[in-house]
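Please keep the sequence and the model in view while reading.

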Amino acid sequence: MKMRTGNGLEKNRGRIDEIDESIVRLLAERMKSAQAIGAIKRRSRMRARDAKREKQVLGNCGRLAAGLGLNPGLVRGMFGAVIRASSRAQERGRKVVAFQGEAGAYSEEAALQAFPGCATLACRSFEEA
């Protein structure tokens, strides 16, 4: 028995495929920009992660989503993943310094003082670091 696909199903699926391709291409462009920003930050000995900027981007995306009738939480979650990937792209080429403790702790500050411009990695124990 052949299942009826309804009016316009394949047309709409084709449009979704086109949109998905555009999204992936735009993500690739975003990653290139993130890598360029990473190079600038390395030269300036800046941290790859910028919590204030990340919060701003997530807020902007949430407001845009709400204005378009989308679920702001869903969009912020998706962009959280994009931001994490962008941060990893920015950290490529940096020295990674492991430290014992939580992000933002004095031990991380000490690592950044000793190795300006490094990427830091929080570890639960000295042995893990």
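## A starting question

Which residues does Arg76 touch, not counting residues up to four places away in sequence? Arg76 touches Leu58 and Gly62, where contact means heavy atoms within 4.5 Å.

## Basis of the report

This is a predicted model, in which local features need pLDDT of at least 70 and side-chain atom pairs count only at pLDDT 80 or more, while totals for chains, interfaces and linings use all residues. Residues are numbered from 1 along each chain as its sequence is written, and side-chain values use heavy atoms, with hydrogens and water left out.

## Fold and overall dimensions

The chain contains four helices and two strands, arranged from the N terminus in the order α-α-α-β-α-β. Helices (H or I, at least four residues) and strands (E, at least two) are DSSP runs, numbered from the N terminus.

The radius of gyration of the chain is 20 Å, whereas a compact globule of 129 residues would have a value near 14 Å. That radius is taken over C-alpha atoms, and the globule rule is 2.2 Å times the number of residues to the power 0.38. Along the principal axes, the C-alpha atoms fill a box of roughly 65 × 30 × 30 Å. Of the contacts with a separation of 6 or more, 57% are between residues 24 or more positions apart.

## Surface and charge

Of the 129 residues, 22% count as buried; buried means under 20% relative accessible area, exposed over 50%, and partly exposed in between (1.4 Å probe, protein chains only). The chain exposes about 10,000 Å², and carbon and sulfur atoms supply 56% of this area. Accessible areas come from the Shrake-Rupley method with a 1.4 Å probe; for residues, only the protein chains shown count as cover.

The chain carries 25 positive and 14 negative charges, whose mean positions are 5 Å apart. Lys and Arg count as positive and Asp and Glu as negative, while His and the chain ends are not counted. Each charge is placed at NZ of Lys, CZ of Arg, CG of Asp or CD of Glu.

## Salt bridges

Five salt bridges are found in the whole structure, each being a side-chain nitrogen of Lys or Arg within 4 Å of a carboxyl oxygen of Asp or Glu. One of them joins Glu10 and Arg13 (3.4 Å, N to O). These two residues are three apart in helix H1 (residues 9-43), and therefore about one helical turn separates them. Arg13 is partly exposed, at 46% relative accessible area.

Helix H1 also holds Glu18 and Arg15, again three residues apart, or about one turn of the helix. Their side chains form a salt bridge (3.1 Å, N to O). Glu18 is partly exposed at 47% relative accessibility, and Arg15 is partly exposed with a relative accessible area of 47%.

A further salt bridge links Arg49 and Glu54 (2.6 Å, N to O). Arg49 is partly exposed at 42%, whereas Glu54 is buried at 15%.

Arg76 lies in helix H3 (residues 72-91) and is partly exposed, with 38% relative accessibility. Its C-alpha atom is 30 Å from that of Gln100, a residue 24 positions away along the chain.

Gly69 sits in the loop between helix H2 (51-67) and H3 and counts as exposed, at 66% relative accessibility. Gly69 and Met31 are 38 residues apart in sequence, and their C-alpha atoms are 27 Å apart in space.
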